[in-house]
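I opened this notebook to keep track of what I looked up in the model, one topic at a time. The entries below follow the order in which I went through it.

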Amino acid sequence: MANTALPDRIRRDFPILEREVHGKPLVYLDNAASAQKPLAVIEGQREYLANHHANIHRGAHHLAQWATEAFEGARKKIAAHINAAHAEEIIFTSGSTDAINLVAQSWGRTHLSAGDTVLVTRMEHHANIVPWQMVCESRGAQVIPVNVLPDGVLDLEDFHAALKQYRPKMVAVVHASNTLGTINPVSELCAAAREAGAATLVDGSQALPHFGIDVQSIGSDFYVATAHKAYGPTGLGFLHGRKSMLEAMPPWRGGGEMIRSVSFQGTTYNDLPHKFEAGTPHISGGIAFGLALDWMNAIGMDVIAQHEQVLVQHAHSTLSAVDGVKIIGTAPNKVGVVSLIAEGLHSYDLGTLLDGQGIAVRTGHHCTEPLMDHFGLESGTLRMSFAAYTTTLEIDRATSALERAMRMLR
Amino acid sequence: MSAALIQSRQAEIIEEFALFDDWMDKYEHLIELGKDIPAINVARKTEEHLIKGCQSKVWLAADEADDGTVLFTADSDAIITKGLVGLMVRVLSGAQARAIAEADLHFLDTIGLHQHLSPTRSNGLASMVQQMRLYAAALAARRA
């Protein structure tokens, strides 16, 4: 039985959902780009800045200790949330992009050499393509994409064939696609990659807000995610790395926090996780992200996942009933992301006319140009993406607004 | 005289759009205008005339007339962008090169469509206006 009462219960936590845009009540369906923030996060960050702020890890004074405990407490919350074996396996980064760059530069520079390959998929976000291209270019290695089937499911046959053919050093896959919504069978992919001798990285940016994550059962070497898509602040994310892997990796960025001692004869580096956290981190962001995780867990990830399944089913049936609309990405396992095209119409026109009706969606290639090319979608797609507070009524309003836009453009 | 021409054309568009106070009506009108744009010759819709926005494409061709005025023709693959491109062509095409290069373009602001000129909008319009000005400035310099 679907819990349709969830939005009723939590929408009051999000002040922004009360506002109007162009004189119409806001319908926010751009959650895959960034989710809105609950009061617990807004107030928590404010409270920290107003009453508790100091720099962490160094100070002997009360505030510094309080801030350090709060920030390290957030690290423990992240570790618990994704079932990491150790809290020091969590490295704070500025986001998923930063986390992937860390692995590409630190692990990649030591493990990739001429003739090696990194296996990705055609549904990756640019953030899980370009960092690999950059390190591969410098090492004479190559990035190989795995095929995606017409319905948006990863081509597992091609994946296993590529593992065999290329013997990649790294397999980097997205957990849930930001454009198609497809949830990939990452446990299976990681197990096969490990058997083939490859390290694994899973991009969980679109998984973290939508369902529970267990990195030990996934079996990934690296798992990355960002806070702002999961009701937390922007400018913060994390890398989870298997402890033995992280310990063997050289630091990437140098500076304060990441050292044990510095001299001109030679510098020694700090232990995990600080070895990878040069400079003062986003302290208030880390603490606020911990509050965002608390907020999600108080609802329950299963409850959120179940609610979003109802939304996806509703959106699929409502939108596919509109004449001329085609949904792009109909995998059986999806997060709350629905991409579509309207026959003969440009997604930019549709997005603009939806905005005029108070509906916030995203149009274009969604930072997945290779996927758009693969599907031959020159003007990209229009993407509606959902969160725990999204209602079926909002999807209905967006559908009517889409029909009106299509009438205007025809 | 050309600067005055550009001013009067902007005033005309502002007056025309003043009829619409509803956001959607304004866009309905913009879509209609897009259909009447002095379209670029299909044979000229080539890479050379393409201004690639992130989301929509714009094609622009400029031709110099004997009297030193510039004639613009354009097109876009998105209808709303096409309407905006059409407005820009309507304001600038047929004016003297120097006047185009130095034109004070304020009409999009006044009619509340300025957000489409923002580079972050990525529809190619901002780049098109820049191209129009650059072409006109180069031409004016050549004729000076």
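What follows are my entries, from the whole chain down to single residues and then out to the neighbouring chain.

**Entry 1: the whole of chain A**

I note at the outset that this is a predicted model, and I read each value below as computed from that prediction. I began with the secondary structure and found 14 helices and 17 strands in chain A. I then asked for the extent of the C-alpha trace, which spans about 70 × 55 × 35 Å along its principal axes. The radius of gyration of chain A is 22 Å, and this agrees with a compact globule of 410 residues, because such a globule would have a value near 22 Å. Of the 410 residues, 51% count as buried.

**Entry 2: two domains**

I looked up the domain assignment next, which gives domain 1 of chain A as 6-30 + 300-409 and domain 2 as 43-297. The C-alpha centres of the two domains lie 28 Å apart. How many residues are in contact across this boundary? I found 26 residues of domain 1 in contact with 24 residues of domain 2. On the domain 1 side, the elements that give two or more residues are α11 (301-320), β14 (337-342), α13 (369-375) and β17 (381-385) of chain A. The largest share of that side, five residues, comes from α11(A). Sorted by class, the domain 1 side that touches domain 2 has twelve nonpolar, ten polar and four charged residues.

**Entry 3: helix α6 of chain A**

I turned to α6 (residues 156-166) of chain A and asked which of its residues are buried. In this helix A:Phe159, A:Ala162 and A:Leu163 are buried, and they lie on the same side of α6(A) because they cover an arc of only 105° around the axis. As a reminder to myself, an α-helix has 3.6 residues a turn, so residues three or four places apart point the same way. The buried residues of α6(A) pack against β5 (117-121), β6 (142-146) and α7 (186-195) of chain A. On the face of α6(A) turned away from the buried side I found the exposed residues A:Glu157, A:Lys164 and A:Gln165.

**Entry 4: backbone angles to check**

Before going through these I recalled that most residues other than glycine have a negative phi, and most peptide bonds are trans. A:Arg167 lies in the loop between α6 and β7 (170-174) of chain A, and with 13 C-beta neighbours inside 10 Å it counts as partly exposed.

A:Tyr231 also has a positive phi, near 70°, in a residue other than glycine. It is in the loop between β9 (222-226) and β10 (237-241) of chain A. Is A:Tyr231 buried or exposed? With 28 other C-beta atoms within 10 Å, A:Tyr231 is buried, the cut-off for that class being 20 or more.

For the peptide bonds, I noted that the one from A:Leu272 to A:Pro273 is cis, with omega near -5°. A:Pro273 is found in the loop between β12 (268-269) and α10 (283-299) of chain A.

I looked up A:Ala85, which lies in the loop between α3 (62-81) and β4 (90-93) of chain A. It is exposed, with 12 other C-beta atoms within 10 Å, a count that still falls in the exposed class because that class takes 12 or fewer. Leaving aside neighbours within four places in sequence, A:Ala85 is in contact with A:Gln216 and A:Lys243. The C-alpha atoms of A:Ala85 and A:Arg242 are separated by 8.3 Å, although these residues are 157 residues apart along the chain.

**Entry 5: where chain A touches chain B**

Last I looked at the interface, where 13 residues of chain A are in contact with 14 residues of chain B. On the chain A side, α12 (347-355), β16 (362-364) and α14 (392-409) each supply at least two residues. The largest share, four residues, comes from α12(A). By class, the chain A side has four nonpolar, eight polar and one charged residues.

Definitions and conventions. Residues are numbered from 1 along each chain as its sequence is written. Chains are lettered from A and ligands numbered from 1 in the order in which they are written. This is a predicted model: local features need pLDDT of at least 70, side-chain atom pairs count only at pLDDT 80 or more; totals for chains, interfaces and linings use all residues. The arc is that of the directions from the helix axis to the C-beta atoms. Two residues are in contact if their C-beta atoms, placed from the backbone, lie within 7 Å. Ala, Val, Leu, Ile, Met, Phe, Trp, Tyr, Cys and Pro count as nonpolar, Asp, Glu, Lys and Arg as charged, and the others, Gly among them, as polar. Domain bounds come from an automatic or database domain assignment. The radius of gyration is taken over C-alpha atoms; the globule rule is 2.2 Å times the number of residues to the power 0.38.
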